[in-house]
Amino acid sequence: MAVRWFVSRRKFKGDTAQLLATNYFDAGLLTSLEVIEFVSEIEDRFGMQFSEQDFQDPRFVTVAGLAELIADRSGQAAKPR
């Protein structure tokens, strides 16, 4: 989903595999408004809400890391308490 988001907006010109490890903030791929749009679309798509802790997680800055973070959050939600 995230790779398609960047590609569809022509934000990344290159090998999509490279995008997985690219820090999209450092690379200037997102404006401040696009960050909100990007996060909102991910939250809607996966039925979740990111927390302040998620935004501070070092994995949040790459597509591959974001996928790990989402998978971790999905696993936590599925675990019985």
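Predicted model: local features only at pLDDT ≥ 70, side-chain atom pairs only at ≥ 80, totals over all residues.
Q: What box do the C-alpha atoms fill?
A: Along the principal axes, the box is roughly 45 × 25 × 20 Å.

Q: How many helices and strands does the protein have, and what counts as a helix?
A: A helix needs a DSSP run of at least four residues, and a strand at least two. The protein comes to five helices and zero strands, so its elements run α-α-α-α-α from the N terminus.

Q: What share of the residues is called buried?
A: Buried means under 20% relative accessible area. Of the 81 residues, 31% count as buried.

Q: What makes a set of residues a nonpolar core here?
A: The members must be buried, belong to the listed nonpolar kinds, and be joined through side-chain atoms within 4.5 Å. The largest such core has 18 residues, with Phe-6, Tyr-24, Phe-38, Phe-50 and Leu-66 having the most contacts inside it. Helix H1 (2–8), helix H3 (32–46) and helix H5 (63–78) each give two or more residues to this core, and H5 gives the most, with four.

Q: Which residues is Tyr-24 in contact with, leaving aside its neighbours within four places in sequence?
A: Contact means heavy atoms within 4.5 Å. The partners of Tyr-24 include Phe-6, Phe-38, Phe-60 and Leu-66.

Conventions: Residues numbered from 1 in each chain as written. Heavy atoms only, no water. Buried < 20%, exposed > 50% of the residue type's maximum accessible area, 1.4 Å probe, protein only.
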